[in-house]
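This briefing is meant to be read beside the sequence and the coordinates, with the chain letters kept in view.

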Amino acid sequence: MSDASPPSGEGGSPADGSAPESATAALIDAARRSDLGLVLGTLLLVYLAATLLTFTDGLNSVVGLMRTLTFLGLVYALAALALNLQWGYAGLFNIGVAGFMALGVYTMGIVVRSPDPAFGPPGFGLPLPVGIVAGMLMAAVVGLLAALPALRLKADYLAIVTLGISEIIRLFLQSSAFDTFLRDTLGVGTGGGRGMGMPQNPIRELFLVDGQAGTPTALGDLIFGVFGESGLGISNTILIDWAYIAVLAAFVIGFYVLLERLGRSPFGRLLKAIREDELVADSLGKNVDLIKIKVFVIGCALMGLAGILWFGSQGNVSPTPQFMPVLTFYVFIAVIIGGSGSNTGAVLGGIVFATVLFEGPRRIGSSLRDVIDAETPPSFGDALVSLDPTAFLAYATDNIAPLQFVFLGLILVFIMHRRPDGILGDRIETAAAVDLSERPSGGETDE
Amino acid sequence: MSSDIPEASDVADAADEVDAADAISDEPEANDSAVEEAAKHIPSGGTSPLRVDGLVKRFGGVTAVDGASFEVEQGSLTGLIGPNGAGKSTTFNCITGVHEPTAGSVYFKGEDVTGLEPYQMARKGLVRTFQIARELEEMTVLENLMLAPKGQIGESAIRAVTPGLRGEVIEQEEETRERAWETLDFFEIDHLATEHAGNLSGGQRKLLEMARALMTDPEVVLLDEPLAGVNPTLEEKLLDRIHQLREDGYTFLLVEHDMDVIMNNCEHVIVMHQGSVLAEGTGDEIRNNEQVIEAYLGEDI
């Protein structure tokens, strides 16, 4: 896109207009100018790092790690896009993202699961597309109920209300009393704290007859033959997961196109105006409350869908710890890193957060630990007292999971300080369905 | 869709005319613009566009407006003055729907509009600007203007995204863009079109505010201290624009602190003091009114 301003740190890149020095420079330059290039370039860097970490373990490990990173990157991108519509465009501070995702995926599970209680919590046994639509609708309806009272109040109240709703949803899903209540009244269940098995992923059935391992379909035979154990040696599960990643990518593109169209329209202009100053929009004849409710409901429906695509593919969902409020904050971090208000930023932020900040430290930590030849000291004090950098590193890499949060906090402080607008936050996102960069011909200029 | 802003050539002519004939020019313009034609169809005389009757607004124990009643005539530039705390801004907020009056009524074109929301008032044709300019900082000047017009079909989320329906939206957007450019021309801020509104100077923001308000096709414009913090050159420019627009049939109610501005520009002046209307009349009448002099200079300030 031509209106993309170059991102920061363009140290040695050729100036606009001048001929790039080499083919590589040209490629980098082009990637910087196009949004797709930015996203793919980031993914390539991530893949490069993943390869460096795991190439000694063989192709299967490399592709496996790439799969995990891509999956997480894309699902975070989906959630970040939905949040960007509410928070980035309209300034609605929704900290109940986890709750709306839980609603989506649980509703989908209940609608689609078999009515036979022998297989765990019973459901309605309806087709998967019905379940997906129902999940989105449920998230939208609860979003509407939350929005009606809260949006008439100040922004902070919406934040508190949404956080509360998210926790209420999680605790309801966890409650065995609610499970029993549903079973008695509707004949369906949530599974309470044990969670609920998710319906078969239709992608799996593309490759395996009835989703059963060992009975590949014709397509499965072909793919497994070329890439699988008998070919390149990649495990079948990883191959099937990659097929699902392709579906996720399609949804990311769908979300992106939807949001771009919403943003580049009078509707998007209203959202921006509401973010900037509600009273102005109100005084210009715009029904601010109605628009806020609309955008909140659309965002919640998208969060429901993101929840379905994310957790619905994970085999089993349980309210805790999957839908703890921390999930909401992760999605917020993704949007902040990318730059709130920018859809490309949300996608980038999702990928960077999930790979570099969320999954990266653990992988690097465990890889490092494997290399270090030392005992892990039993406590931080012991590690410190030993004065042995190797022992200290061993301790740090062994405890990378808690350390990661320290790391995350530092990164956030750094971003807030150095680049408060995020990676792409300095972009001008045109809020009109037509080009506003210059005066269309026909109009006279009198300068 | 015809523009509501006079052609650039008209603007230039009108500007000369105003300069020549001093601030208050009652001479009709030679070539009537579309707006003037339209304005003539608005029934005038019997029902004044804006009437306030016994308006009371209390905040807790404080009575900010205490039974204010006045009328604004069709096509006039009416001034509302008064010392600090006289209740001018509160009256404004009650008229535009920001505050709900404790008692009393507001009539717009004869219709009781008391207690309507600000957006409902704006849709009826009464729009306001703010004392401290409230531009939408992170939007460009052009976007600020394009936000305002009524009846934008693209404000429906479904129309904005659905293929097939979006075509109409784009067509309307092109018209809106053209109108926005014309309005920018009229206020001579077209060179700032792609600038973020937050980068504008104080005076430019005032121009932007007025331009944005006019994009809603109002009949009555309430200007809350449009000249506060504006340098004399720009002040002249702003007043010129107001006079031109008034000649085009717009009705203005102007709140100002600056007595001279009000006296020199408004044919009708309303003086508020301690929440009610103290005096009404032409500039000269007000200038020689004992009570007004006392209110402004006396110990009650």
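The model is predicted. Its largest nonpolar core has 179 residues, and 39 residues of chain B are in contact with 35 residues of chain A.

**Nonpolar cores**

- Within the largest nonpolar core, of 179 residues, the most contacts are made by A:Leu78, A:Ala79, A:Met101, A:Ala306 and A:Val331, and the element that gives the most to this core is helix H13 (residues 288-311) of chain A, with 17 residues.
- When neighbours within four places in sequence are left aside, A:Ala79 is in contact with A:Val97, A:Met101, A:Met303, A:Ala306 and A:Val331.
- Another core lies apart from the largest one and has 13 residues, including A:Leu69, A:Phe207, A:Ile234 and A:Leu239.

**Helix pair in chain A**

- Helix H2 (residues 35-54) of chain A and helix H16 (residues 343-371) of chain A have axes that come within 11 Å and cross at roughly 5 degrees; because angles under 35 degrees count as roughly parallel, H2(A) and H16(A) are roughly parallel to each other.
- On the side of H2(A), the contact is made by A:Asp35, A:Leu38, A:Val39, A:Thr42, A:Leu43, A:Val46 and A:Leu53, while H16(A) contributes residues among which are A:Thr344, A:Val347, A:Leu348, A:Arg363 and A:Ser367.
- Sorted by class, this contact of H2(A) with H16(A) has 10 nonpolar, 4 polar and 2 charged residues.

**Sheet in chain B**

- Strand S7 (residues 220-224) of chain B pairs with strand S8 (residues 251-255) of chain B in the parallel sense over 5 bridges, and B:Asp224 has B:Val255 as its bridge partner in S8(B).

**Contact between the chains**

- Of the 39 residues of chain B in contact with 35 residues of chain A, the largest share, 8 residues, comes from H7(B).
- Helix H4 (118-124), S6, helix H5 (141-147), helix H6 (157-161) and helix H7 (166-186) of chain B each supply at least two residues of the side that touches chain A.
- By class, that side of chain B has 17 nonpolar, 8 polar and 14 charged residues.

Conventions. Residues are numbered from 1 along each chain as its sequence is written. Chains are lettered from A and ligands numbered from 1 in the order in which they are written. This is a predicted model: local features need pLDDT of at least 70, side-chain atom pairs count only at pLDDT 80 or more; totals for chains, interfaces and linings use all residues. Axes are lines fitted to C-alpha atoms, for helices over the stretch in contact, and angles run from 0 to 180 degrees between N-to-C directions. Helices (H or I, at least four residues) and strands (E, at least two) are DSSP runs, numbered from the N terminus. Angles under 35 degrees count as roughly parallel, over 145 as roughly antiparallel, 65 to 115 as roughly perpendicular and the rest as oblique. Two residues are in contact if their C-beta atoms, placed from the backbone, lie within 7 Å. Ala, Val, Leu, Ile, Met, Phe, Trp, Tyr, Cys and Pro count as nonpolar, Asp, Glu, Lys and Arg as charged, and the others, Gly among them, as polar. Two strands pair if DSSP finds at least two bridges between them. A nonpolar core is a set of buried Ala, Val, Leu, Ile, Met, Phe, Trp, Tyr and Cys residues joined through C-beta atoms within 7 Å. A residue is buried if 20 or more other C-beta atoms lie within 10 Å of its own, exposed if 12 or fewer, and partly exposed in between; C-beta atoms are placed from the backbone.
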